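Here are some notes to read beside the model.

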Amino acid sequence: MSRTVVKYRFFVSAALGMEEEAAAEIQEVWGELLDLDGRPHSTPLEEFEVEKGGITFSASLHLGLQLNFFLKTPHRILLRIKEFRCRDFPKLFSEMQKLNLKEYSDLSNWKLEVAASKSRLNHEGRIEDTMMKALKLKEPLAHEALAGEIYVRFFDDNCSVSLDTTGEHLHFRGGDLHKGDAPLRETLAAFCLRKMTAGMGQTEISKIQWYDPMVGSGTFLLEVVQLFKFNSKRSFAFQSWKKTPKVLQKSETWLKNYPQASKETYKIFGSDIDAKMIEVTKQNFLRQGLQEPRLEVHDILRSRPSFELDVKSPLWVVLNPPYGERIEAGFLPSELLSAITERLKPERVGVLFSRKQVQQLASKLKGYDLLAEHSISNGGLPCVFMIWTRQ
Ligand SMILES: C[S@@+](CC[C@H](N)C(=O)[O-])C[C@H]1O[C@@H](n2cnc3c(N)ncnc32)[C@H](O)[C@@H]1O
């Protein structure tokens with residue numbers, strides 16, 4: 001007798017400009033997901049569509065949920081539980097009454113996130129009130145464990161209701177990490193590294209000497225090391241749902257089913273003018289139980305760092321310098337680039353500059369070709385990740 005597999009609609013949300021990369025990542029890790037018996041699955045990704053702000057696709061529940069363990073560039077993964085056309089409050093009320101949230105949690109303190117645009121129903125407060133009443137929700141209190149979060153979107157008079165499967169934003173990789181004044185979001189760092197290494201595998205990446213001369217709290221280096229690892233250091237909202245298959249609820253036992261990323265050692269180097277940040281990076285690697293980078297206090301504008309680099313391995317430099325907007329820069333972007341390329345002659349350089357800094361750049365970087373530039377927002381500030389390769 002053939003078994004009917006129930007398909008669910010998922011939405012993976014990603015920052016504007018990062019949707020295509022998040023889509024590529026989903027396709028790459030799809031083959032690593034497992035069926036509930038711990039064996040590789042053979043289901044294709046269905047109804048896969050990339051749109052502004054994210055990706056939608058259909059999949060069985062256990063596969064869609066597992067993506068949380070793997071994805072590095074998106075924000076969060078939502079499970080669509082209802083989509084309907086809606087132009088009045090009585091309809092919203094009656095459709096919401098049909099939802100069965102008890103399948104997911106016995107608690108009724110769900111938090112609502114409502115956004116409405118280009119729709120007849122556009123009063124977000126009233127939408128929220130209607131949903132609270134129809135679903136008999138309890139006001140979430142700060143000290144209580146939440147049932148979870150419900151995302152409600154009205155656009156062009158279409159209403160979609162989704163449950164957040166992720167919990168804390170995906171940029172949170174777990175562990176109690178410390179940050180500097182202008183930390184880089186892990187999701188953005190992973191995006192930049194994926195763009196720099198496009199198509200390369202773990203073994204190739206581990207052969208490169210990675211150097212961040214403005215290492216701050218170490219985000220780029222931490223992401224280099226974790227790019228191919230599933231995340232075992234945090235839990236996700238779906239793991240406390242009643243509807244989630246039992247085997248997926250406990251990470252410790254479930255994660256043992258995935259083949260471990262091979263234990264490559266990485267050649268990672270970091271320096272910063274601020275001794276405090278060197279200590280922060282060191283502690284962050286220790287807290288994550290990761291191989292520590294070679295670190296030193298150093299001003300990249302003044303001299304070459306003292307660590308010995310292996311002339312036989314390629315050197316790649318990646319950094320996000322101060323933009324001179326929120327924190328003082330004290331140098332021109334072209335001075336920084338010359339200091340790096342003339343002293344170290346790296347094979348590849350990736351820099352996340354602010355758009356203003358890019359406008360100050362000379363048109364050509366001597367001895368290098370511009371390989372790619374990607375416009376992205378860094379905490380609301382327009383930025384460009386620029387990648388050069390040595391001629
Ligand atoms: C925007 S932060 C980098 C943030 C980092 N990517 C992270 O994830 O935390 C810029 C860093 O550059 C460092 N810095 C500024 N001028 C420097 C210089 N001349 N040489 C080396 N580091 C410098 C600052 O101390 C700061 O930690």
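Contact, as used below, means heavy atoms within 4.5 Å. This is a predicted model, in which local features need pLDDT of at least 70 and side-chain atom pairs count only at pLDDT 80 or more, while totals for chains, interfaces and linings use all residues. Residues are numbered from 1 along each chain as its sequence is written, and side-chain values use heavy atoms, with hydrogens and water left out.

1. Asp 164 belongs to strand 7, residues 158-164. Helices (H or I, at least four residues) and strands (E, at least two) are DSSP runs, numbered from the N terminus. Asp 164 counts as buried because its relative accessibility is 3%; buried means under 20% relative accessible area, exposed over 50%, and partly exposed in between (1.4 Å probe, protein chains only). Not counting residues up to four places away in sequence, Asp 164 touches Arg 76, Ile 77, Leu 78, Glu 149, Tyr 151, Ala 237 and Trp 241. Leu 78 is 86 residues from Asp 164 in sequence, yet their C-alpha atoms are 4.6 Å apart in space.

2. Polar contacts of Asp 164. A polar contact is a pair of N or O atoms within 3.5 Å; within protein, one must be able to donate a hydrogen and the other to accept it, and residues adjacent in sequence count only if both atoms are side-chain atoms. The side chain of Asp 164 reaches two backbone nitrogens: that of Thr 166 at 2.9 Å and that of Gly 167 at 3.0 Å.

3. Ser 58. Which residues does the side chain of Ser 58 meet in polar contacts? One is Arg 9, side chain to side chain, at 3.0 Å; another is Glu 47, whose side chain is joined to that of Ser 58 by a polar contact of 2.7 Å. Ser 58 lies in strand 3 (residues 54-60) and is buried, with a relative accessible area of 5%. Leaving aside neighbours within four places in sequence, its contacts are Lys 7, Tyr 8, Arg 9, Glu 46 and Glu 47.

4. Helix 5. This helix has 12 residues (186-197), and the distance between its end C-alpha atoms is 16 Å, which agrees with the span of 16 Å that should follow at 1.5 Å a residue. The expected span is 1.5 Å times one less than the number of residues. Helix 5 is mostly covered, with 11 of its 12 residues buried. Among them are Glu 186, Phe 191 and Arg 194. Just after the helix, Gly 199 takes a positive phi of about 85°.

5. The ligand. Around the ligand are 20 residues, and the closest are Ser 217, Thr 219, Asp 272, Asp 299 and Asn 320; a residue is near a molecule or strand if one of its heavy atoms lies within 4 Å of it. By class, the shell has 12 nonpolar, five polar and three charged residues. Ala, Val, Leu, Ile, Met, Phe, Trp, Tyr, Cys and Pro count as nonpolar, Asp, Glu, Lys and Arg as charged, and the others, Gly among them, as polar. An N or O atom in the side chain of Asp 272 is 2.6 Å from an oxygen atom of the ligand. A polar side-chain atom of Asn 320 is 2.5 Å from a nitrogen atom of the ligand.

6. Lys 118. This residue sits in the loop between strand 5 (110-117) and helix 4 (124-134). Lys 118 is exposed, at 64% relative accessibility. Its phi is positive, about 45°, although Lys 118 is not a glycine. Most residues other than glycine have a negative phi.
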